[in-house]
Amino acid sequence: MASPHAAIQRQWQALPLVTQAPRGDSDSGSDSAFHVGLDALQALRSAEAASLSSGVRVLGVWGPRHTGKRLFLRTLLNASAAAFDDDEASSADTLLWLWVPVDGVHDCVVLSGGSAREGESERGRRARLALLLLLASALVFCDDGELGARALATLDWLPDVARVLRVRGNQDEASVASDFKTHAPKFVWLVQNFKVKWLATGDGATLSPLEYLEKSLEDEPGFSDAVTARNASRLYFNSYFPVRECVALSRPLESAAAVAGPATDRDALRGPFVASVDQFYAAYLSPKSNSALPVKQLLGAALRADQLAAVLETYVAALNAGSLPTIAQAASALQQRSVADGFDAATRLYDDALAAVAAALDGSREPLSSSDVHVAHYRGAQRARIRINELSASLPEPLRRAALFRESLSAWEARASSSLAARVQQNEELSRAASVDRLARLLPPTPADKASALASLSRDAFPDGLTSLLAQYKVDLQEALAQYAAQASGPLVHHVLAQTLLESVHATTTQCGAVVLAQFRAHVASLAAEHDVLEQACDAAQTQASASAATAAEQKRAYEIRVEAATKALSDLRARLRGELNADKAALARLADELHMMLEAHARPESELSAATQSILTKERTFHEEERSLLTQQRDLMDRVAQLERAIALQTTAHVQRKLALETALARQTSDARTAHAEFARQFKAQTKRDAGALKLALATKRAAAEREMADVARESDEVRAKLALLSSPAHRAASSSKRNRDFFAAMALSLPAVPVLPPVSEELEEQSGDASKRAARAASFLDVSTSSATLGPNTATRVAARSDTELCKQS
């Protein structure tokens, strides 16, 4: 029966992420190299994945062979059966697979790696282990069966963790073992074919799967090699993975003896199994839930999907170089790439701000104003500076002070300056070309072309023609300048106009003046020639009059009349010529004044144009200074904001670092305490075992000695009883008493009579003697078992016998 969650699950596809292939070079230290799949990199660097700024979540799936990994993946990811048709041996060159949704939108990915296959190199197995531990934010370890000795035996890869990766450079395995727990992924132990009875306790309570896992990770008693190995695996596991979880899955098929292959459809699986897998999907991979799958972090910073691809490339490059993948090295490479990406983003912002200016300059022949180019530059530089300040605030202090950041900043500033200079030069060239072309179209023809037409005029019409020519040229020039001022644009408008007026118009005006002056001189020369002719005629007339003085009076009178008339006519002619000459001089003077006034008038517009140009430049300079002041103030404010944000970030970082340091110290103290407790327990158990053995040996030794001493006491007691029995007989008592009396009196040198034989002792005396022997035996039996056999030897029997004899003497 299918799960009700099956319809809401997305379909996922597998892409080869890391493959192993033979090397092509012979200088490398290994015969194979690792490669990153291009399709997988493209999926990680896609626009949809890069747009997810919250970070990527990475779920790693791993485990021993034949533990249902592929069935779990297909059921979890709703993958097609074609992805699992091939046997694992056909994809032996693929170390890791990347699973992504088919629709392309994803904030989490799945990494799957099988166990070490037959014939796989140790290098490939270690590379797979290192990449899974370094890339996954949660690692799912697939297992089949109860968490016991068999399950702990599958953790034989734990001692290799400190051998396949490094947290920092120049680390030994002991440092890695103590530091890796702060960077380790969340460990999810997935137990398939789980039975509910495993959760039951002896007191009738029921454990949760996590409590069941924690209970199985407790040290078991014993000192055998197998128990020691399992406790060592528990110690490694508890040290490396402080964050862990246990997920229980029931059997996939109804029949417990049936085996479910990876191509088994969801409809053929048991409902509880599919429901458990869908519940796992909802908790870890569903985008609509508060995911139990954490975001992948690198030294405390969340990674995006494109950054995860960059970190993977760094790790693979380290493996191909023959070194171990290092977390600090990957973080440094990621920060360097972040610096490059940040400056690239700043460059794109600057180029986008100048895009309109560039399009206007490249797509048309009309220039822009100088302020438009500079304003676009300042806006682009301001946006880029904001991006650079954000990048600087996000980088750690050592990297901000590093040469890479300073060189990148200098290169960006040089590029921005060169781009501004190129655009300004391009705009000036367009402005110069447009202004020259416009002036060439608007300026009137030079007066030198029309000045040659004045040569055909008479002397009397020459002044009027010259005045008309200059007035018309003045009007045409004023109209051309007005049109130029209305149409021209660009930074070199006034410069090109001044240059054209000074070079072209002034030169043609000077040339025209030279032509007019030559014509005027020709008219003056003709007038002087006529004056000379008249003077010569007058002189000839005077000469002829003086030669004919001898004639008659009539002739004289007639001649005088003619002379008077000629003189009068000459005077009139002279007066008329002098008047014309004065009129011509006045006209020439007036023309000279008008020419001078025209030159002054021409000089006045130039001065006014220069003054206007200076005023415009002053206003632009003032505007630029004010704009620069505003930009400086804005930059100062942005720097202040960046400093405040940097201070807040530093304080936050310091707080987080202190918190991490306290947590690390607490975890280290807890680990040290656990290690010390385990070591103390082991030593205590060993010492207890040794002491128990020694005590048992001492007890056995003392027990044997006590038994020997008891045997000696019993033997001596029997001897005492035998002697007491002998002494208790009547004949022996009488003989002994007679002998002692004789000896006593002999010692006293007294002669004694013969001692008569005493009658037999009464029964009362025998009973008293028997009681004395019993008391001696009872005293011997009360002796301490720890007393040595020497203290209970023959001397004790002798003392007992002597005491009995003394009592007998007293009785006798």
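In what sense do β3 and strand β6 (residues 138–144) pair, and over how many bridges? The two pair in the parallel sense, over 4 bridges. For strands, pairing means that DSSP finds at least two bridges between them. The model is a predicted one, so to speak of local features takes a pLDDT of at least 70 and side-chain atom pairs count only at pLDDT 80 or more, while totals for chains, interfaces and linings use all residues. Residues are numbered from 1 along each chain as its sequence is written, and side-chain values use heavy atoms, with hydrogens and water left out.

Now for the overall picture. The protein has 23 helices and 10 strands, taken as DSSP runs numbered from the N terminus (H or I over at least four residues for helices, E over at least two for strands). Of its 812 residues, 36% are buried, where buried means under 20% relative accessible area, exposed over 50%, and partly exposed in between, with a 1.4 Å probe and protein chains only. Among contacts with a separation of 6 or more, 77% link residues 24 or more positions apart; a contact here means heavy atoms within 4.5 Å.

Back to the sheet. It is open and has 8 strands, in the order β2-β1-β4-β5-β3-β6-β7-β8, with mixed pairing. β2 and β8 (244–248) are the edge strands, each pairing on one side only. On average, neighbouring strands are turned by 25° against each other, direction ignored. Helix α4 (residues 122–135) packs on this sheet and touches β1, β2, β3, β4, β5 and β6, its direction making about 30° with that of β4. Axes here are lines fitted to C-alpha atoms, for helices over the stretch in contact, and angles run from 0 to 180 degrees between N-to-C directions.

Strand β3 (residues 57–62) has 6 of its 6 residues buried, so it is largely enclosed by the rest of the structure. In a regular strand, side chains alternate between the two faces of the sheet. In β3, Arg 57, Leu 59 and Val 61 point one way and Val 58, Gly 60 and Trp 62 the other. On the β6 side, Val 61 stands opposite Val 140. β3 also pairs with strand β5 (residues 108–112), in the parallel sense over 5 bridges, and there Arg 57 has Cys 108 as its bridge partner.

Strand β1 (residues 12–22) goes the antiparallel way with both of its partners: 7 bridges to strand β4 (residues 94–101) and 5 to strand β2 (residues 32–36). Gln 13 is bridged to Val 100 in β4, whereas Ala 21 stands opposite Ala 33 in β2.

Helix α3 (residues 69–77) and helix α10 (residues 271–284) pack at about 65°, with axes 9 Å apart. That makes α3 roughly perpendicular to α10; the classes are roughly parallel under 35 degrees, roughly antiparallel over 145, roughly perpendicular from 65 to 115, and oblique for the rest. In α3, Leu 71, Phe 72, Thr 75 and Leu 76 meet Phe 273, Val 277, Asp 278, Phe 280 and Tyr 281 in α10. The axes of helix α11 (residues 305–320) and helix α12 (residues 327–353) come within 9 Å and cross at roughly 130°, and the two are therefore oblique to each other.
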